[in-house]
Amino acid sequence: MSNEAHLDSATLTVLLDIRHPFCHLALPEAVAFGRARGIEINWLPVAVQTLRPPSARSAGDDRSIRHKRNRAEMIAREIDVYSSLQGLELVDYYRDPDATAVHQAWLWVREHSPESLEDFLSIVFRAYGSEGLDPGDLRAVSLLVEKVLGDGSGAAFSTWASSAGVKVAQSLASDLEARGLSGAPLYQVAGQIFMGRQHLRMIEWILEGERGPGPI
């Protein structure tokens, strides 16, 4: 099983971490973006630092502490607003579990049934965001693989994840790290890297040949 990252050949690569709320906001927008333009997105999992909750207020807080808390609260409000607009339910912004099983399943589906990957990602992200899925639970993730692909795929994935899947996931993580691709949601297009879904207009401009003035 090759499961090459295709970072040098893909038209558009999108890196997401299921644990990060901004990635939950980015996924449906990127799916719609790719489908509207007939682009096959190169979806890759990446592990990034998860959000930290705002600190409790204390009379002795200095300016730095207050700034960090205000920023954390601002980020939470942003997630509240945009998740509501997208009809997404995110029950906990600050979970920090091991996501190995989901990353392995992502790569397995990407290799064995790439046409099903976006449906799988939509289901597994929803299961994590609103249903409390443990992304490190191999059995629970295998059931989701089976739900999307059927035909014994869950068992086949589970067997692979316990053997070759470990090295495949580690190899991808090492490749991403070596290239400096460590954020999420992160987009790579035409050799350029963008962090955050707010850059989709710029990405569209690049894909359309940079005709006319850029959007920024």
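This is a predicted model: local features need pLDDT of at least 70, side-chain atom pairs count only at pLDDT 80 or more; totals for chains, interfaces and linings use all residues.

Visitor: Where is Gln 104, and what is it in contact with?

Guide: Gln 104 sits in helix H3. Leaving aside neighbours within four places in sequence, Gln 104 is in contact with Phe 157, Trp 160, Ala 161, Gly 165, Val 166 and Ala 169. Phe 157, Trp 160 and Ala 161 are among the buried residues of helix H6.

Visitor: Which residues of H6 are buried?

Guide: H6 runs over residues 153-161. Ser 153, Gly 154, Phe 157, Trp 160 and Ala 161 are buried there.

Visitor: What makes them line one face of the helix?

Guide: Look down the axis of H6. The buried residues fall within an arc of 130°, so they line one face. On the other side of H6, Ala 155 and Thr 159 are exposed.

Visitor: What do the buried residues of H6 pack against?

Guide: Three helices: H3 (100-112), H5 (138-149) and H7 (164-178).

Visitor: How do you know whether Ser 153 is buried or exposed?

Guide: Its relative accessible area is 5%. The limit for buried is under 20%, so Ser 153 is buried. Ser 153 belongs to H6. Setting aside neighbours within four places in sequence, Ser 153 is in contact with Trp 108, Val 145 and Glu 146.

Visitor: How are two packed helices described?

Guide: By the angle between their axes and the distance between the axes. For H3 and H6, the angle is about 115° and the axes are 10 Å apart.

Visitor: Why are H3 and H6 called roughly perpendicular?

Guide: The range for roughly perpendicular is 65 to 115 degrees. H3 and H6 pack at about 115°, and therefore they count as roughly perpendicular to each other. Their crossing is right-handed.

Visitor: Which residues make that contact?

Guide: From H3, Ala 101, Gln 104, Ala 105, Leu 107 and Trp 108. From H6, Ser 153, Ala 156, Phe 157, Trp 160 and Ala 161. The residues of this contact divide into eight nonpolar, two polar and no charged.

Visitor: What makes H1 and H8 roughly parallel?

Guide: Helix H1 (residues 21-37) and helix H8 (residues 200-207) pack at about 20°. Angles under 35 degrees count as roughly parallel, and therefore H1 and H8 get that label. Their axes are 12 Å apart. The crossing of H1 and H8 is right-handed.

Visitor: Which residues make the contact of H1 with H8, and how do they divide?

Guide: H1 brings Glu 29, Phe 33 and Arg 37. H8 brings Leu 200, Ile 203, Glu 204 and Leu 207. They divide into four nonpolar, no polar and three charged.

Visitor: What does Gly 196 touch?

Guide: Pro 185 and Tyr 187, not counting residues up to four places away in sequence. Gly 196 and Val 14 are 182 residues apart in sequence and 10 Å apart in space, C-alpha to C-alpha.

Visitor: Is the peptide bond from Ala 184 to Pro 185 cis or trans?

Guide: Cis, with omega near -5°. Most peptide bonds are trans. Pro 185 is in the loop between H7 and strand E3 (186-189).

Visitor: What is phi of Asp 151, and is the residue buried or exposed?

Guide: Phi of Asp 151 is near 55°, a positive value in a residue other than glycine. Most residues other than glycine have a negative phi. Asp 151 has a relative accessible area of 83%. Exposed means over 50%, so Asp 151 is exposed. Asp 151 is found in the loop between H5 and H6.

Visitor: Why is Glu 210 called partly exposed?

Guide: Glu 210 has 38% relative accessibility. Buried is under 20% and exposed is over 50%, with partly exposed in between. Therefore Glu 210 counts as partly exposed. Glu 210 lies in the segment after H8. Phi of Glu 210 is near 55°, a positive value in a residue other than glycine.

Conventions
Residues are numbered from 1 along each chain as its sequence is written. Side-chain values use heavy atoms; hydrogens and water are left out. Buried means under 20% relative accessible area, exposed over 50%, partly exposed in between (1.4 Å probe, protein chains only). Helices (H or I, at least four residues) and strands (E, at least two) are DSSP runs, numbered from the N terminus. The arc is that of the directions from the helix axis to the C-beta atoms. Contact means heavy atoms within 4.5 Å. Axes are lines fitted to C-alpha atoms, for helices over the stretch in contact, and angles run from 0 to 180 degrees between N-to-C directions. Angles under 35 degrees count as roughly parallel, over 145 as roughly antiparallel, 65 to 115 as roughly perpendicular and the rest as oblique. A crossing is left-handed if the near helix is turned anticlockwise from the far one by less than a right angle, and right-handed if clockwise. Ala, Val, Leu, Ile, Met, Phe, Trp, Tyr, Cys and Pro count as nonpolar, Asp, Glu, Lys and Arg as charged, and the others, Gly among them, as polar.
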